[in-house]
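I opened this entry to record what I looked up, residue by residue and then helix pair by helix pair.

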Amino acid sequence: MVSLLYVCVRPELGAADAEHASFRRALGADVVDRLDLLSQRLDAVDLSRYRGIVVGGSPFNVSGEHKTAEQRRVEADLETLARLAIDRRVAVFFTCFSIGVVTRMLGGDVTTDTPEPASATVIETTEAGAADPVFGPSSPALTVFTAHKESAAALPDGAVLLATNAACPVQAYRVGTHLYTAQFHPEPTPRDFADRMTFYRTTGYFDPEEFDLVQGQVLAASVTEGAALLRRFAETFAG
């Protein structure tokens with residue numbers, strides 16, 4: 001049995017391939033299967049094979065007014081995955097874009113009021129985060145990579161806040177025991193994140209005129225605890 005699955009929601013193949021590699025390394029697993037929701041439906045995969053699932057990032061925005069049929073289908077599949085995690089049928093770690101999908105599913109609002117540019121940022125764990133098996137060992141604070149235009153306006157009903165900061169108050173939360181969400185990107189190394197920037201140079205995550213400056217700042221950052229979160233997620237749920 002393969003215990004871990006990476007769910008891809010990136011249209012850019014090169015970025016998706018690199019993200020898969022980043023998750024595999026961060027999870028500490030030789031084999032992490034891949035499901036591309038842009039080309040496959042969720043029901044095409046036997047999810048009973050997996051004990052842990054990670055969902056990558058995407059340039060999609062939950063709050064966008066004009067969505068393609070493809071994006072609507074992807075969001076519906078991610079909501080199905082979230083419900084499976086709430087029912088404890090599988091453990092799922094949602095990141096970046098998909099925290100918005102989960103927030104909306106739970107009845108919360110997704111806003112563009114608290115964006116963060118492509119950068120390394122410090123987030124603080126809450127009291128609940130300090131007691132959590134995945135986030136706790138990284139308390140009281142950790143440095144992670146962020147790049148997002150939207151985020152949860154507030155903690156949705158039924159969720160437990162795990163991490164926060166002044167720039168984006170809802171950085172991570174848990175629902176029940178098997179559903180984790182993070183606004184940030186836990187998987188990339190500085191080199192990974194710097195390389196990913198090349199795919200999104202003109203998409204609004206940083207000033208394209210300052211590409212070299214921002215990339216240099218990313219490469220100089222010390223970021224290791226995001227990968228530690230994923231390693232503990234895998235150890236906790238996939239053994």
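**His148**

I started with His148, which lies in strand S7 (residues 141–148). Helices (H or I, at least four residues) and strands (E, at least two) are DSSP runs, numbered from the N terminus. I am working on a predicted model, in which local features need pLDDT of at least 70, side-chain atom pairs count only at pLDDT 80 or more, and totals for chains, interfaces and linings use all residues. Residues are numbered from 1 along each chain as its sequence is written, and side-chain values use heavy atoms, with hydrogens and water left out.

Is His148 buried or exposed? I find His148 buried, at a relative accessible area of 4%. Buried means under 20% relative accessible area, exposed over 50%, and partly exposed in between (1.4 Å probe, protein chains only).

I listed the contacts of His148 next, leaving aside neighbours within four places in sequence: Thr114, Pro115, Glu116, Cys168, Gln183 and Tyr205. Contact means heavy atoms within 4.5 Å. With Glu116, the side chain of His148 forms a polar contact of 2.7 Å, side chain to side chain. The His148 side chain also reaches the backbone oxygen of Glu150, at 2.9 Å. A polar contact is a pair of N or O atoms within 3.5 Å; within protein, one must be able to donate a hydrogen and the other to accept it, and residues adjacent in sequence count only if both atoms are side-chain atoms. I also noted Asp113, 35 residues from His148 in sequence and 11 Å from it in space, C-alpha to C-alpha.

**Glu19**

I went on to Glu19, in helix H1 (residues 13–27). Its relative accessibility is 0%, so I count Glu19 as buried. Which backbone atom does the side chain of Glu19 reach? The backbone nitrogen of Gly57, at 2.9 Å. Not counting residues up to four places away in sequence, Glu19 touches Tyr6, Arg10, Gly56, Gly57, Glu187 and Arg196.

Ala130 sits in helix H4 (residues 127–131). I have Ala130 as partly exposed, at 42% relative accessibility. With residues up to four places away in sequence set aside, Ala130 touches Thr125, Gly136 and Ser139. I then checked the peptide bond between Ser139 and Pro140: it is cis, with omega about 5 degrees. Pro140 is in the loop between H4 and S7.

**Positive phi**

I noted Arg88, not a glycine, with a positive phi of about 65 degrees. Arg88 belongs to the loop between H2 and strand S4 (91–95), and is exposed at a relative accessible area of 58%. Cys96, also a residue other than glycine, has a positive phi near 55 degrees. I place Cys96 in the loop between S4 and H3; it is buried, with a relative accessible area of 6%.

**Helix pairs**

H1 and helix H7 (residues 225–237) pack at an angle of about 70 degrees, their axes 7 Å apart. Axes are lines fitted to C-alpha atoms, for helices over the stretch in contact, and angles run from 0 to 180 degrees between N-to-C directions. H1 and H7 are therefore roughly perpendicular; angles under 35 degrees count as roughly parallel, over 145 as roughly antiparallel, 65 to 115 as roughly perpendicular and the rest as oblique. Phe23, Arg25, Ala26 and Leu27 in H1 meet Ala227, Leu230, Arg231 and Ala234 in H7. I sorted this contact by class and have six nonpolar, no polar and two charged residues. Ala, Val, Leu, Ile, Met, Phe, Trp, Tyr, Cys and Pro count as nonpolar, Asp, Glu, Lys and Arg as charged, and the others, Gly among them, as polar.

For helix H2 (residues 69–86) and helix H3 (residues 97–105), I read axes that come within 9 Å and cross at roughly 70 degrees. H2 and H3 are therefore roughly perpendicular to each other.

Last, I took helix H5 (residues 190–197) and helix H6 (residues 211–220), whose axes come within 8 Å and cross at roughly 160 degrees. That makes H5 roughly antiparallel to H6. Pro190, Arg191, Phe193, Ala194, Asp195 and Met197 in H5 meet Phe211, Val214, Gln215, Val218 and Leu219 in H6. By class, I have eight nonpolar, one polar and two charged residues in the contact of H5 with H6.
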